[in-house]
Every structure is written in C-alpha cells, then in structure tokens.
Amino acid sequence: MSLPMIAAPPPTLAGALLVLVVVLPLLGFLPFFFLGARIAERLALGLLALGLIGALAIAAEVSGSGAAVAYFIGGWAPPLGVALRADGFSALMLAMTAAALLATGLFAMTGIGAARPRMPPVFWPLVLAAACALNLAFTAEDLFTLFVALELLTFAAVPLVCLDGRPAQYEAALRYLLYALFGSALYLLGVVLIYGLYGTLDILLIAGRVAVEARSPPALMLALALMSVGLMAKAALFPFYLWLPPAHAGAPAAASAMLSAVVIKAPLFLLLRLWLDLAPQTLAFAAGPLIAACGAGAILLCGLFALGQKRLKLMIAYSTAAQIGYLCLVVPLAAGAADGGLALTAGAIHLVSHAFSKAAMFMAAGLIYEALGHDRMDGLRGVGRALPVSLFAFALGGASLMGLPPSGGFTAKVMLLTAAVGQQAWWIVAVVMAGGLLAAGYVLKVIVPALQAPDRPLEITPVSRGREMVALALALGAVALGFLPLEPSPFLAIGRPGAWAEAVQ
Amino acid sequence: MSLFFDAALILLAIVVALKVVTGRDPLTDVIAFIAYGIVLTLVWVRLAAVDVALTEVAVGSGATGLVLLRAAGAAATAKQEARPGRVTKGLAALVSLVVFLLLAAAVLAWPKPQPSLALAVAEHLPATGLGNPITGVLIVFRALDTLLETVVLLLALVGIWALAPDRTGARAWSGTPAPLSGMTPSGAQVLLAQLLLPVGLLVTVYQFWAGANVPAGAFQGGAVLGAMWVLLLLARLAPLPRLEQPGLAVLVLAGPFAFLATGLAGWVWAGGFLDYPEGIEKPVIIVVEAAIVVSIGVTLGLLVLGPAGPQAADRPGADAS
Amino acid sequence: MSLAADIFTVLCLLAGLVFFAAGSIGLIRLPDPLSRLHGLTKADNVGLFFVVLGLLPQAGSVLAAVKMLLIWLLLQVAAGTVAQILAEYAQALGRSGGGRR
C-alpha cells in the first residue's frame with residue numbers, strides 16, 4: 001500500500017529482529033496486571049534471554065554482511081515514516097544492554113523484594129520497559145522516536161529509584177524526574193527547530209543535508225546546543241550530576257546496577273550520535289572542546305567527590321558521574337580527525353566496560369550491604385575474608401575503572417591517550433591521567449581495609465553464592481574487554497555515517 | 001483587528017503564565033495552570049491547529065490539571081513545603097528568557113518556504129483510508145511513536161501504583177484509592193454528573209469517530225471519557241475501583257496491546273510490522289483507536305485517583321452507588 | 001436582508017458584552033463569595049445567550065445554528081450547577097472558619 005520515497009530495505013530476519021527487540025519486552029506488562037510475581041519473574045528472565053539472543057543475532061548479521069541492518073516501520077520510508085537501523089555501534093550497544101540486563105535479572109531473581117511484597121511485580125515490568133526504551137534509543141533513526149525512547153526510559157527508571165519506599169528515595173526520584181523532564185523539554189525544542197530547518201526528523205537525511213551546507217544556520221547550532229544540554233541533564237553529566245548520586249545509591253542493588261550501567265548510557269550514546277553522525281564536522285570540531293570540558297569537570301570533580309564519600313553505594317554512584325565524562329572527551333577527538341575511529345573505538349569500549357564493571361561493583365556493594373547490614377566505608381574491615389567472591393568482583397570492576405591492564409578500562413584509556421597525543425590535546429591527556437589516579441584512590445579506599453583483618457568478628461548474614469557469581473561474571477566481562485586489539489574497530493565503522501542509499505544495500 | 005485580538009491573546013497568555021509561577025501556594029498555582037492551558041488552547045485555535053488545541057484543553061489543561069489539583073491538595077496537608085528561593089527563581093527566569101529569545105530568533109530565521117512533510121502526508125493519506133492528516137501521521141506513518149506513547153502512559157500508571165504502601169498477603173496494588181473528595185456530593189453535583197454523562201459519552205464517541213476525517217482523535221476522546229468517570233466518582237454515582245480487578249486491567253491494557261497485536265499481525269496480513277492490511281485499513285484502525293480511547297480514559301482516571309490508600313478497603317461509603 | 005442580519009448580530013454581541021462585563025465587574029467588586037457567584041453566573045448566562053443569539057443569523061446552516069443552541073444549553077447547565085457546587089463549598093468553608101479572601 002505504500003509508495004516509499006526510498007526503496008525499503010529487503011525484509012530480512014535481522015530487520016524484523018530490530019522491531020522484536022524493541023516491542024517484545026512490552027509483554028512484561030501482562031503479568032503485572034494479571035499474574036503473580038513468580039510468573040512475572042520467569043517471563044521477564046525469558047524475555048531478557050531472548051533479547052540477548054536477538055541482539056547477538058543482529059550483531060552477527062551486521063558483522064557478517066558488513067552493512068547496517070534497517071527496518072522501515074509499516075513499510076513507510078523516511079522522511080514520512082520511521083526507520084530503525086543498527087550500525088556497528090548500535091549493534092554493540094544492543095548486545096551490551098541485553099547482556100547487562102540479563103545479568104541484572106539473574107542477580108535480582110532471588111534477591112529483590114524479600115521484605116517488600118510490592119517490589120517484584122513492579123520491578124520486572126520496569127526492567128523490561130527499560131529494555132524496550134534502550135533498544136529503541138540505540139536503533140531509532142528518527143529524532144522524535146528517540147524522544148519517545150527517552151520518555152519511556154525516564155518513566156521506567158524513575159520508579160526503580162524509589163522501589164524501597166523510603167522518603168529519601170522519593171525525594172531522589174522526584175529530583176531525577178525533574179532533571180529528566182527538563183532534559184526532555186530542551187531536547188524536544190531542539191527537535192522542533194531541526195524539523196523547521198530541514199523538514200525531516202530522520203538523522204541520516206538531516207546529516208546528508210547538513211553536510212552539503214556551506215554555512216550551518218545559527219538555528220542548527222541552537223538546536224544542537226539545546227539537545228546536548230537536554231541529553232546531558234538526562235545522563236547526569238557535569239554540571240547536571242546532582243540528581244544521580246542519591247538516586248543511584250538509594251535504589252535496590254539490582255536497580256542501581258542497571259541504572260548506572262545502562263540507563264544513563266542511552267542519552268550519552270545519543271550525545272555521541274548527535275555530534276558525530278548528525279552535526280556538520282566543522283560544528284562538531286568547534287563544539288567538541290566545550291563538551292570535553294564538561295567531561296573533564298565530571299572526571300575531576302565527581303572523582304574528588306567520590307573520594308570523599310562515607311557510604312560505599314554513594315561512592316560508586318559518584319564514580320558513575322565521573323566515569324561518563326570520558327565519553328565527552330571522545331567528541332573532540334573523534335570529530336573531524338583522520339584517526340577519529342580510534343577515539344570512537346575507545347569511547348565504545350569504555351561504554352561497555354564501564355557498564356559491566358559498574359554493574360558488578362553495585363551488585364557487590366549490594367551483597368556487602370546485605371551481609372553487613374550497612375555500607376559505611378569505615379566498617380568494611382575484614383569483608384575480604386567474609387565475602388571473597390564479592391570483593392574480588394568489586395576489585396576487578398575497580399581495576400577497570402582505574403585503567404589497570406588487562407581490562408576494558410585500560411584498553412579504552414590507552415586508545416583515548418593515543419588519540420589525544422596524536423592530536424596534541426595535552427589537556428585531555430592530563431585529565432585522563434588524573435581521572436585514573438582519582439579512580440585508584442576511591443577504589444583502593446575500599447579494597448585495602450576490606451583485605452585487612454577485622455577489629456572484631458564480623459556478624460555476617462549469608463548471601464547467595466549464585467548472585468555473587470553474577471557480579472563476578474560481569475567483572476570478568478569487563479576484564480575480557482582488555483584483550484581487544486588496540487586499534488580502531490572495523491565493526492564499529494560498519495554503516496556509519498552514510499546516506500540511505502548506502503545504508504540499505 | 002486580528003492583530004489587536006492576537007496581541008490581547010499573547011498578553012493574556014503571558015500574564016496567566018506569570019501567575020502560574022508567582023502564586024502564593026500550590027493550589028493557586030494549579031488553578032492558574034489550568035487557566036493557562038485554556039488560554040493556550042485559544043492560541044492553538046488561532047494558529048489553526050485544532051487538533052493540538054483539543055489535546056491541550058483535554059490533556060494539558062484538564063487531565064494534567066486534575067492530577068496537579070490532587071497533588072496540591074496533598075501538598076497542603078504536608079508539614080513543610082520547600083519553595084524555591086529568590087536566586088533559584090531569578091536564575092530560572094533568566095534561563096527561560098534567554099532560551100525564549102534565542103528560540104524566537106531561530107524560528108524567525110526558518111527558511112521560507114518552510115520545508116515540511118505536509119505535502120508528502122497529503123499525497124499518501126488516501127492509501128490509509130483516513131481523511132485527517134494528523135490521525136494519518138499518528139496511527140499510520142508514525143504508528144510506532146503512538147504505540148509507545150500509550151505505553152508511556154501505562155508506565156506512568158505502574159510508577160504511581162508502585163508508590164502504594166506495602167501490604168502483606170494481598171496483591172501489591174490491591175485495594176481502592178482514596179476518594180477524590182472528602183465531602184458528600186451535593187444534589188447539584190449529582191445532577192451535573194447525570195446530565196453531563198450522556199453528553200460526555202457522545203462527545204467521546206464523536207471525537208474518536210470523527211477523528212478519522214476531521215480534527216479530533218483518540219487521545220482527546222479518551223480524555224473526555226476519563227473526565228466523565230471522574231465526574232461520576234465525584235458525585236459518588238460510581239464506586240471507587242478496586243485496583244486488582246482483572247476487568248480494570250483489561251481496560252487499561254486494551255489500547256496498547258490491541259495496537260501491539262495489530263502491529264505484529266502486520267507481518268501476517270500485510271508487508272510487515274505496523275503495516276495495515278490493504279483495503280481494510282480503516283476498519284482495523286478504528287478498532288485499534290476504540291481500544292486506545294477506552295484505555296486512555298481509564299488510565300487517565302486511574303492516574304487522577306492515584307495509588308491504593310492504606311486503609312481504603314474499609315473506608316465507609318467507598319461502595320455507595 | 002444581510003445588512004439587517006449584520007446589524008442584529010452586532011447589537012446582540014454588544015448586549016452580550018455588556019452582560020459579560022457586568023459579570024466580571026461583579027466578580028471583582030461584590031463583597032462575598034455567594035453574591036460574586038450569583039452575579040457572575042447570571043450575567044454570563046444572559047451574556048452568552050445574547051452572543052449565541054447574535055451569531056445565529058451568521059451560522060450559515062440550520063445544523064450549525066442548532067449546535068450553537070445546544071452548546072448554550074450545555075453551558076447553562078454546567079455554569080448553573082458549578083456555581084451551586086462552589087457556593088455550597090464556600091458555605092462549608094465559611095462554617096468551618098477556613099474561608100480565604
């Protein structure tokens with residue numbers, strides 16, 4: 001029935017999978033209303049496992065064919081319709097998210113809501129809704145569909161923050177909601193401006209128009225600025241980090257892991273996409289240092305704040321606010337440079353390794369909290385003997401944050417440094433070095449006392465071995481990324497940036 | 001003459017907007033916010049965006065206003081109330097002003113003639129069997145967005161229900177919400193509900209039915225339906241819903257899941273996801289929209305009602321009908 | 001004919017405006033909630049009646065005219081009952097001593 005303006009991509013299985021990884025998680029709502037928490041949990045784990053299989057299949061297809069996978073919803077081609085598209089970067093994000101969410105699910109399986117009957121039936125549909133939102137954010141080609149994805153993500157993430165039902169958490173959740181809505185409003189204003197300029201919302205079509213303009217119109221700069229600030233508010237990027245620590249630290253461990261590991265990655269991914277795929281190179285080159293300056297602020301200031309925390313979970317949350325700064329350093333290095341692929345690869349590896357290591361650390365902290373009944377930094381002596389597996393997972397995750405080899409953090413930082421040195425961006429080199437030292441400071445502040453003998457015998461509530469293993473597996477995943485070659489990844493180059501004609505081949 | 005009218009309208013919008021942010025207490029702010037929504041509605045009508053105007057008055061002013069009124073009522077009984085200080089307010093005003101000026105400059109600098117998809121929509125609209133281009137965009141060309149927006153509403157409901165206090169033994173979200181008003185409804189209130197109910201239902205059906213061809217649609221119709229329910233609840237002509245009822249869940253889920261099922265069925269009966277079967281697009285779309293109207297109405301009503309109260313189950317008069 | 005209709009419309013609209021203005025002034029100037037509501041509701045209902053009456057010759061079709069009359073009727077009912085509800089609420093507030101203004 002349609003008369004597409006651009007030839008639709010051939011109906012491939014991978015294209016259909018793009019749709020399915022977005023919409024199938026929505027089935028998780030059914031048990032919330034009709035069935036018990038047990039069934040909700042089993043269905044959710046099944047759907048998360050299916051999601052991982054789907055994401056891996058998409059990645060395999062992208063890798064095998066060497067081209068991006070695309071799907072036109074309803075057969076309507078952009079600019080009239082909405083396209084989903086997974087290039088190499090998107091496919092990597094899909095796989096990372098699916099793996100992290102499945103691990104979160106396995107970790108939460110026995111632990112969530114033992115004392116709170118309200119928690120399990122709410123937790124599972126929210127995790128699945130977040131999966132839907134994240135997969136959409138990583139694959140949608142349309143600026144407004146991306147707005148819908150961000151809204152879905154916000155409304156899935158905010159209730160997760162206050163699952164425990166303590167008043168402080170309600171406050172944290174409300175603050176998160178306000179920051180997120182502020183971000184949504186700014187992002188949407190930018191989208192409207194872009195539609196007024198180019199008459200389309202499709203990222204690739206806009207990029208095509210933008211690239212051939214002799215001079216970028218000021219309205220485009222304003223739109224990009226508004227959208228960037230909006231995304232930064234949603235990602236808790238410096239200077240908008242204030243909402244993150246209480247929100248991420250106050251949530252139950254499984255929710256914290258998921259929020260820190262993957263939820264804030266969606267706006268960051270879109271920030272990269274905005275500046276590397278949509279903005280004209282000259283603009284990206286000009287704005288890059290500004291964005292990187294925010295990243296440097298995050299790495300240094302939030303790193304310092306993390307160093308000063310007295311609670312383990314708050315420390316990890318501040319560390320998240322610091323670590324996402326590295327993604328901003330990527331923008332000036334990847335935009336418009338001949339060896340931009342190196343910086344982008346560094347950013348992608350950092351995204352994935354931070355997701356795995358941070359999820360592992362939050363899980364380990366949750367287990368320590370469960371075992372000790374508190375997470376005060378001054379009461380951690382002897383935890384290493386009581387919970388060796390959890391502490392080991394925490395230490396491995398921490399090593400990746402510090403950038404010790406072999407770990408994804410190390411690989412990412414080496415590549416980032418190489419790119420920065422190559423472009424003689426010495427201040428970025430200095431920030432990366434200082435950030436590593438700060439991370440070493442706050443991680444060792446936990447590990448060193450934990451390995452010492454306790455002052456008096458610890459009263460330990462036993463924790464599930466299976467859940468410790470989930471944390472360890474994630475941490476090992478972050479370590480495994482350290483064995484990737486130190487060069488621009490050809491996989492990440494697949495399908496970007498290009499015109500539709502090239503994209504749908 | 002029209003310039004005079006426009007200037008008056010803009011002035012009114014600015015004055016009412018200032019009233020929203022400078023009120024003495026939450027209740028005054030919310031009442032000003034509702035009035036602001038009505039002024040904005042007039043602005044949209046003036047801009048010939050009737051669809052947006054209907055949505056603004058029904059959802060932006062009406063439904064949102066009701067939710068905020070209830071929140072303001074709760075805030076009035078709270079012990080302390082944190083209001084932003086002068087510095088915060090001044091800073092917010094400054095940022096808003098700067099963003100406004102930049103936006104105005106950017107919008108005035110838009111290219112002319114302005115690039116738009118209106119022509120493309122008009123060209124492809126006949127293939128959908130619809131006459132209203134807005135509905136065509138919402139239900140056909142950008143169906144994925146609309147499907148997921150209905151899910152956002154569903155998520156908002158889950159998030160609000162998750163705020164209910166824990167209770168043992170029963171389902172987490174079981175029980176009834178607190179009544180909308182502590183006062184016994186007066187005769188006038190009951191009369192109003194009785195008189196408006198058939199009118200409101202008629203408007204609901206009209207909105208969704210006419211939405212296929214003229215400005216109107218499922219979201220506006222759903223908002224009117226929800227308002228009718230709230231009116232009945234206020235007049236205590238309808239019992240407060242028990243949130244664990246499966247029937248209620250069916251009504252809430254009908255819209256998003258009928259839409260999703262239609263989308264998935266597209267692979268079977270048409271070319272792919274959210275592709276409608278050729279020749280019977282319109283009947284299929286109308287069935288989906290009807291389900292969306294019901295779900296939006298019920299969900300908006302439930303959003304106004306809020307989570308189950310702690311001892312709502314044994315509240316006297318909860319089942320008086 | 002058309003001129004006569006136009007004159008009729010203008011006169012009716014002006015009359016309607018006078019009543020609306022009276023209602024609004026009453027809302028601001030009258031001393032207590034009950035008389036404010038009373039003045040506002042009565043004046044606005046009559047004002048709306050004149051506006052609708054004045055627009056009837058301009059409606060173009062019988063259907064549109066009937067629709068306008070129905071809208072007027074609906075607003076009559078709504079305004080009347082809402083005023084009643086507000087008045088009852090004001091009285092209840094007055095009895096409990098919590099009235100503002």
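Biologist: How many residue pairs are in polar contact across the interface of chain A and chain B?
Modeller: In this predicted model, the rule finds seven residue pairs in polar contact across that interface, both residues of each pair having a pLDDT of 80 or more.

Biologist: And which helices of chain A supply residues to that side?
Modeller: α1 (13-23), α2 (29-34), α5 (119-139), α6 (143-161), α7 and α9 (218-235) of chain A each supply at least two residues of the side that touches chain B. α6(A) gives the most, with nine residues.

Biologist: How do the residues on that side of chain A divide into nonpolar, polar and charged?
Modeller: The side of chain A that touches chain B has 48 nonpolar, five polar and four charged residues.

Biologist: How many salt bridges are there across the interface of chain A and chain B?
Modeller: The rule finds one salt bridge there. It joins the side chains of B:R142 and A:D142, with 2.5 Å from N to O.

Biologist: What area do chain A and chain B bury between them?
Modeller: They bury about 5,200 Å², and 77% of it is on carbon and sulfur atoms. In terms of residues, 57 from chain A are in contact with 56 from chain B.

Biologist: Why quote an area at all?
Modeller: The accessible area lost when parts come together is often used to give the size of an interface.

Biologist: Now the other contact. What area is buried between chain B and chain C?
Modeller: About 860 Å² is buried between chain B and chain C, and carbon and sulfur atoms give 76% of this area. B:M183, B:A188 and B:L192 supply 45% of what chain B buries against chain C, more than any other three residues.

Biologist: What does the side chain of A:T200 reach?
Modeller: The side chain of A:T200 reaches the backbone nitrogen of A:D202 at 3.1 Å. Leaving out residues up to four places away in sequence, A:T200 also touches several others, including A:P79, A:L205 and A:R209.

Biologist: Why is helix α11 of chain A described as largely enclosed?
Modeller: Helix α11 (residues 253-263) of chain A has 11 of its 11 residues buried, so it is largely enclosed by the rest of the structure. Among them are A:A253, A:M258 and A:V263.

Biologist: What about A:A360; where is it found?
Modeller: A:A360 is found in helix α16 (residues 340-372) of chain A, and A:A360 is buried, with a relative accessible area of 0%. The C-alpha atoms of A:A360 and A:L472 are separated by 6.6 Å, although the two residues are 112 residues apart along the chain. Beyond its neighbours within four places in sequence, A:A360 is in contact with A:A393, A:A471, A:L474 and A:A475.

Biologist: Which residues does a cis peptide bond join in chain A?
Modeller: A cis peptide bond joins A:F238 and A:P239, with omega about 5°. A:P239 is in the loop between α9 and α10 (244-250) of chain A. A:A236 is found in the loop between α9 and α10, and A:A236 has a positive phi of about 65° although it is not a glycine.

Biologist: Finally, where does pLDDT stay under 50 in chain B?
Modeller: It stays under 50 over residues 312-321 of chain B. Where pLDDT is low, the predicted coordinates should not be read in detail. Chain B as a whole averages a pLDDT of 84, and 91% of its residues score at least 70.

Note on methods
Residues numbered from 1 in each chain as written. Chains lettered and ligands numbered in written order. Heavy atoms only, no water. Buried area = accessible area lost by both parts, 1.4 Å probe. pLDDT = per-residue confidence, 0-100. Contact = heavy atoms within 4.5 Å. Buried < 20%, exposed > 50% of the residue type's maximum accessible area, 1.4 Å probe, protein only. Helix = DSSP H or I, 4+ residues; strand = E, 2+ residues; numbered from the N terminus. Polar contact = N/O pair within 3.5 Å; in protein donor to acceptor, adjacent residues only side chain to side chain. Salt bridge = Lys/Arg side-chain N within 4 Å of Asp/Glu carboxyl O. Nonpolar A, V, L, I, M, F, W, Y, C, P; charged D, E, K, R; others polar.
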